[in-house]
Amino acid sequence: MEVKGCRELFEEVINAGLCTYCGACASGCPYLVSYKGRIVLLDNCDISKGQCYQYCPRTHTDLDTISQQVFGADYSEDGLGTVKEVLIARSTDLHIRERAQYGGVVTTLMSLALEEGFIDSAILAKMSSDKIPSAFLARNKEGILQCAGSNYMACSTLDALNRIAKDSKDKLGIVAMPCQVLSISKMKEDPPLNRMNIGNVSLVIGLFCTWALCRDTFQRFLRENVDLMQVIKFDIPPPPANKFDVYSNSGKISLPLDTIREFIMPTCSYCLDMTAEFADISVGSVEGIEGWNTVLIRTDVGVGLMERAKAKKKLEIGQLPSQNLAHLKEAALLKKKRALKEITKKTGDKKKLLYLGMSESIVDRLLVERSKV
Amino acid sequence: MKKLSKEPLNMLIAGVGGQGNILLSFLIGKALVQQGYFVSVGDTYGASQRGGSVASHVRISEHTCYGSLIPSGHADVILSLEPAETLRMLCQFGNPDVVTITNTRPIYPSDVTSGHAIYPKIVELLKLIEKLSATVIVIEATDEAFKLGNPIFANVILIGALIGSGALPLDKRSLEPILKENFPKEFDANMAAFNKGMKLAGH
Amino acid sequence: MASIELDASGTTQLLLGNEAIARGALEAGIGFAASYPGTPASEIMDTLASIAKRMGIHAEWSVNEKVALEAAAGASFAGIRAIASMKQNGINVASDFLINLTMTGIGKGLILVVADDPGAISSSNEQDSRNICKWMDIPLLEPSNAQEAKDMTKWAFELSEELDTICIIRSVNRVGHTRGNVKLGELPKREQRAYFPNIWNMFEPKLSKFAAGPFPWLHNMLHQKLAKAQQRFESAPFNWYMGPDKAELLIITSGASTACCTEAVKELKLDHKVGIFKLGTTWPIPENLVRKQLSSSQRVLFVEEVDPFIERSVMELAANLPTDSTRLIFYGKRSGHIPSSGELHPDVIINIIAGLMGITYQARDITYEKKAKELSMIIPGRALNLCPGCPHRATFWAVKNALQLDGRDGFVCGDIGCYSLGFAAGGYYQLRTMHAMGSGIGVANGLGNLSKFGFEQPVIAMVGDSTFLHAAIPALINGVYNKSSFILLILDNNATAMTGFQPHPGTGMTATGVPTFHIDIEALCRSLGAHVEVCDPFDLKNTTTTLLRLMAEEGGAKVVIMRRECEMVRAKREKRFPYVVHVDPDICIGEACGCNRVCTRAFQCPGLIYDQEARKATIDEAVCTGCGLCVDICPHGAIIKKVVET
């Protein structure tokens, strides 16, 4: 890929509505900051090949190259990507389950990794008391626990990558959205020379994601409808509910999901990845089974961690019902199809896929009108 | 009043805004008037000062006050507080007969500190200054001033060098009362700087 | 530096043109002087203020030039000779009072000195203030050097009293700021007594002389005064001719150009062919004298700055010459021989005269010339920058960041002062409008009232403490009264720095060093109904956050006072650095940091340099003033500050 500078980053990605607010560019550069849901350039930088451009998940990203780097194999056409094992799980720690969104698996695994010394600290999204998510560097279990719960908003978690000194030996764990996982994978493929040490990243737990809400506009909407300081949790119950639930001390408020959809970041419609296909472990909800997580184990690192979790009885494990699995695959595939449709609609040419590098044959198959599933 | 080697005798005092070329031109000008000459001193003030290129034009005559600006190519003496400015003034005001007395300490313009321009190496600058002058006296005035305790002494060191060079019809006696009047509290320190300058100019 | 040598009457001294004007005023026996700082006029009042106590006169820095002229006029009305001095823009500010003053006449001698700035070396615009004399019917004098500046000023007071009208002396940068030999006259020793004579006489009530009004005959009276002035000018000692009786080329010149013309003619060895007619009294022009001179040559060259002022007057005159007179050929700005804008450099004048006389002029050896031109290419230019340690740099950095973070295309309306440098790289190009003093907030007023047209950009206005008191208060009142939305940043460095640190009503000190009431700018703004906050620009984080918060809030007129003393004032008083700052060469990894040299390339404090050989940033200890601000700029923590042990 031709690596360009910050000016092109703004022209091709940020001002073109493709920015996912992952935070990678802000981490790599003192001129870029993530602020209130926007990436801001404070000053011109005349570096012609910038880290900001190089690791952005929305500049040219070749999925085969990434897949080779993570799995040693080309990009999988399977809806869920490359997977070693699929299961459901929930934390055995009631304290975690109380705070967690569903089964508390992310919190449990990250805390375990910390305990076992797989990692020395973790980067996650943490919500403030008035429900603004921002990147947080946790160094203990309590810190990780504070980050439990879904916020549904885009959070520039990766801009905390430079909070560990570049020459530090500390190992890092990250809880990341699919776009952020992509960025981390790009960094691992050609490690950054400045400001961040990607060699530190030892564990990536990816989150399932259909879309993310634009932080600034969604926040303003919420403030008009609820007292954010009282809110405990957000949740989107499975269809056909079509609701966005806000749980607070005084009860639950249900907002119509269609209203919330207005705050979806436009860039999400160009995203193919529902299950964080390049993480070590990907975690999401289980439709119809409350209080459990769907867990996709993808890499050896993921396998190792899961083994420890089972051995130390940190997680209760179960089988994902085949119906759920089929449903999950369908949903993931649908996201890919929709995304490709939007991308090719925008470019007018199925050979021009905006930021994506993908095998033509896979593209063709996904663009077929009716799904043959 | 000594006869001038040229009528009028033109001296440029070059430097960067804030270095003190106005004080220099004033002290030298006053000394000259006291010796009976007609003097015109033209300075740049105000917005052009801070960090900008500045020059004092000193025009000495036995008969009349000349216009404040020296026509291009007509400088007889160039006294400079900053080496890039020395070259700049030579390019505009120099000629094959000019006597140049220059400090060596660079002051980097923001174009250079920000990386947009290159400041030539001092050795190279001095070579070019020599190419454009009949005589060059190089004085490490700022370094010497630091040795004396304060970089601001560089100016008086250069006055000493100027007097020591004999380029102007002035001697130590003509400058002493001026320095005494202007630096009543630190007269001794300034005389030490002045003497150092004279010595460095080979006097 | 120099004083005007009060004890040296009769001797010859080296004085600035401005000092010479001050001296001339003293020799004329003035008792009152008022001014506002402005280059190239400031030294006139600097000088008068420094000797005011000793000479028993009143000298003040007025809050603006209109008040300065009004105050001086007041003194004149009460029988005290008075002088008001200002730069070119000042006469624009004083103009309304000035024209009314021409209607009423004066008491004792009243002189206005206006200092133009050809080439706009230290100004936002270039103007020829002589035109105001033609417009307002005011006698005009132009000195050409320091000696003449002194002599003319003294003479002007007599003229002013004889004519019963204000007279103007128009100086320029090259006259005011050039030092020259001045033979000093005597300083009068006399007691002055002030009394305003035009009080109400109940037995014979009359209109006061000093009331301008709808009385058209006043204008007629003024014209009569001008006619009288012209007569006096016919024999004034400031007009002279030098050259052959019949000249191949007649140069008519005035002001700073005079010496350039004399030198040019000498340099070209044309003394026997070219005549120079120098005018010192240039409005009204001495018509008889001019007519006589025009008969000595057929070709006339006008050399003056800035407008073709004398040129046009003489051409008007020539239009009325008898029809059988020899046809004159005029060269000047109208013919394109003399540049119509900018300062007249001696090179330009020499070359034009040479050209008109068919001579080739070579300034210096051709090979040298060629070499010099070549070498001049390698010398880096010197862009203007704020001083090391200047709080404005911090303000601009915080403003730049806040505007970027806000992201709604906000901008700054700028004003006149050291912070004017904000329109260039040294202030990160943040100033997007800049006109006259006080205009920043004025323009912001309009921009802040455009919401009905879908305007959403945050508007920031910037003004210094001195300029605020000088010209911005009415606009702030307007903003509150007319419900405009803007944030006014008052850069309070407790100084009028650009013009030389003259005191102002916020500093608590008069021009003569007398302690006085000092205006509390914060309280003043509050009393006008604005929302007011105070920030320390060196606290970058707090300043940026404050600006962001205020921009995000609902509209209205908001004031943030950016309070931190000017570094030059602090350094002079404290005589030491707050910190010793250095770059740790082990932590600074130069280009490898990927920061693209934030400290030297983006921040641009002259105390920080990039060592090309070591390939690291470093502090230039001959330039750094130890403010320590850069410590917060380095994203790698490579810049360290240590408190200086006392």
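Trainee: What makes strand E10 (residues 249–253) and E11 of chain C a pair, and in which sense, parallel or antiparallel?

Mentor: In this predicted model, E10(C) and E11(C) are joined in the parallel sense over 5 bridges, and because two strands pair if DSSP finds at least two bridges between them, they count as paired. One of the contacts is that of C:Thr253, whose bridge partner in E11(C) is C:Lys278. Between the two strands the chain passes through helix H9 (residues 257–267) of chain C, and this β-α-β crossover is right-handed.

Trainee: Why is strand E11 (residues 274–278) of chain C called mostly covered?

Mentor: A residue is buried if 20 or more other C-beta atoms lie within 10 Å of its own, and 5 of the 5 residues of E11(C) are buried, so the strand is described as mostly covered. Both faces are covered, with C:Val274, C:Ile276 and C:Lys278 buried on one side and C:Gly275 and C:Phe277 buried on the other.

Trainee: What makes strand E9 (231–235) and strand E11 (251–256) of chain A edge strands?

Mentor: In chain A, 3 strands form an open antiparallel sheet in the order E9-E10-E11, and E9(A) and E11(A) are its edges because each pairs on one side only. Neighbouring strands of this sheet are turned by 20 degrees against each other on average, direction ignored.

Key
Residues are numbered from 1 along each chain as its sequence is written. Chains are lettered from A and ligands numbered from 1 in the order in which they are written. This is a predicted model: local features need pLDDT of at least 70, side-chain atom pairs count only at pLDDT 80 or more; totals for chains, interfaces and linings use all residues. A residue is buried if 20 or more other C-beta atoms lie within 10 Å of its own, exposed if 12 or fewer, and partly exposed in between; C-beta atoms are placed from the backbone. Helices (H or I, at least four residues) and strands (E, at least two) are DSSP runs, numbered from the N terminus. A crossover is right-handed if, with the strands pointing away from the viewer, the path from the first strand over the helix to the second runs clockwise. Axes are lines fitted to C-alpha atoms, for helices over the stretch in contact, and angles run from 0 to 180 degrees between N-to-C directions.
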